[in-house]
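User: Please take a close look at the surroundings of the ligand, and then follow the charged pairs elsewhere in the chain.

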Amino acid sequence: MSLPSPEPATSVSSAPVLRQIKDLPGPRAWPIIGNLLQVTPQRIHQDVEQWCRRFGPLMRMYFGPRQVLVVADHHTVHAVLRERPGSFRRPSITAKISAELGGLPNVFIAEGADWRNQRRMVMAGFAPKPIRAYFPSLVNVALRLQRRWQTAADQHRPIDLSTDLKRYTVDIIAGLAFGQDVNTLEAGDNVIQQHLDRILPGIARRSLSIVPYWRYFKLPQDRRLEHSSAALRNEVYALVEQARQSMQANPGLRDKPSNLLQAMIAAADQPDSGVDNDTVAGNVSTMLLAGEDTTANTIAWLLYLLNRNPHTLQKTVMEIRQLAPDCAGFTLEQMDALVYLDAAVQEAMRLKPVGPFMPLEAIVDTVIEDVRVPKGSLVWCVMRHDSVDEKHFPNPQAFEPERWLAQAQDKQVSSPFGSGPRTCPGRYLALLEIKVAVAMLLSRFEISSVDTADGQEAQELMAFVMSPVGLRMRLKTADAATAAS
Ligand code: HEM
């Protein structure tokens, strides 16, 4: 059978004979259920990474009866990610599950022309200029985290890293997205945050479910998920309405919006913008969802790795205490100058990327390397394969920020923010949040420990993003002499 005019190949396609996905090596699959019983949803990233080590960087697996092409070579992954939105999309099941939950249009699930319009609107709010303008508010949130951690240090209490860091990121993203000081760090849980915590793990669970049972009966977790999705939508619509009212009262905000929501409303109200009120609300929710766990977990992994590598921790501390010794006085120039910290962040994201894989779906008949990929095929891009391979990183499991300072290091091998036209729009903000949090911490405190309750290595848990399980941190206030040295 010949391929009906394949789209431009995503990678090498000069092979005279194309293979089919089913001909590739891969784990033995069962009828109907395929390989689903061989993976654990919370550790699916590790299961597939292990298969890639055994069967090679181009392999196949089955989700139920559906075949999945797995690609792990970083050149091929980049080539596939670049071919969006023309040849590949995010899997249609994700959009379907989001729609079932009453999800609004947003840049993460949009495709084609819709995605282009929304991406343009969102990018305007995430350009370095507005993010830099927001910097003083970001530092203000970091100072609240500092006060919270000071109390914990004074009371010799362990800090639940995940809870505190999520409050930090939610406070930052809420301030940037809709100009509200939700202050979960000092005022306690905010309703929005409680809903956020349920939504992404719920969508991830449903995406991997063998049977869409929730369409026929609902478990308590399904009811909670649906309640949270509806509640978040209502909260966000109320925020959009409030923003519209302030823009009516102060029309100058159309030209000089003071937050992302106002900027999006102004863009949506332009003739031919291609976006409407629902899209604005959908993207506010998406910013909250995409900006919370990703950044919080990256900071948690970084602190965990720094604490396990005292020599590296010491170098990071020295750089911070020399160049950015006081959180209240942090400047953007100081953050830019923290090059060793920057390298430590890259290194933490190489070993512990919070998005260790990216599932896609072919929307045209196409070719990947020498494999024929029919329209509708699932393509699973493994992001942590070459990045932990000694061909690219000597001593790959070691946490060595120095490798990122070497000119020779190929930076493309590790892509924690994705690649191509859909690369993460929040990356500049995220890097700034991470640097400010770690600089605040290490300028003021000494880490006594970052560990799990049983003292074992922190497990990786996959629930839309990959988080460390159960990390607690203990701090001591650095004495003045040490902090100044
Ligand atoms: C360390 C923190 C973060 C990491 C590691 C991360 C990682 C990623 C990755 C891997 C993708 C998929 C990219 C692709 O498909 O090629 C993505 C997409 C996205 N991220 Fe992030 N992200 C982070 C923080 C943020 C923040 C702070 C925001 C916003 C507040 C954000 C908003 C988004 C959005 C809206 C998309 C979808 C873009 C599109 O489909 O066009 N992310 N992110």
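Analyst: The account below begins with the ligand and then turns to the salt bridges.

The model is predicted, so local features are given only at pLDDT of at least 70 and side-chain atom pairs only at pLDDT 80 or more, while totals for chains, interfaces and linings use all residues. Residues are numbered from 1 along each chain as its sequence is written, and side-chain values use heavy atoms, with hydrogens and water left out.

The iron atom of the ligand has a single donor from the protein, the SG atom of Cys424, at 2.3 Å. Donors here are N, O and S atoms within 2.8 Å of the metal (3.2 Å for Na, K and Ca), and because water is not among the atoms, sites may look incomplete. Cys424 is placed in the loop between strand E9 (378–382) and helix H16 (427–444). Helices (H or I, at least four residues) and strands (E, at least two) are DSSP runs, numbered from the N terminus.

The shell around the ligand holds 26 residues, and the closest are Arg84, Arg90, Trp115, Arg119 and Cys424. A residue counts as near a molecule or strand if one of its heavy atoms lies within 4 Å of it. By class, the shell divides into 14 nonpolar, eight polar and four charged residues. In this division Ala, Val, Leu, Ile, Met, Phe, Trp, Tyr, Cys and Pro are nonpolar, Asp, Glu, Lys and Arg are charged, and the others, Gly among them, are polar. Helix H4 (112–126) and helix H12 each supply at least two residues of the shell, and H12 gives the most, with six.

From Val107, a backbone N or O atom lies 3.4 Å from an oxygen atom of the ligand. Such polar contacts are pairs of N or O atoms within 3.5 Å; within protein, one must be able to donate a hydrogen and the other to accept it, and residues adjacent in sequence count only if both atoms are side-chain atoms.

Across the whole structure, 27 salt bridges are found, each a side-chain nitrogen of Lys or Arg within 4 Å of a carboxyl oxygen of Asp or Glu. One of them joins Asp222 to Arg206, at 2.9 Å from N to O. This pair links distant parts of the chain, with Asp222 in helix H10 (residues 220–249) and Arg206 in helix H9 (residues 191–207), 16 residues apart. Asp222 is buried, at 0% relative accessible area, and Arg206 is buried at 2%. Buried means under 20% relative accessible area, exposed over 50%, and partly exposed in between (1.4 Å probe, protein chains only). Both residues belong to a network of salt bridges that links Arg205, Arg206, Lys218, Asp222 and Glu226.

Arg244 forms a salt bridge with Asp269, with the closest N and O atoms 3.0 Å apart. Arg244 lies in helix H10 and Asp269 in the loop between helix H11 (260–268) and helix H12 (277–308), so the bridge ties together parts 25 residues apart in sequence. Here Arg244 is partly exposed at 22%, and Asp269 is partly exposed at 35%.
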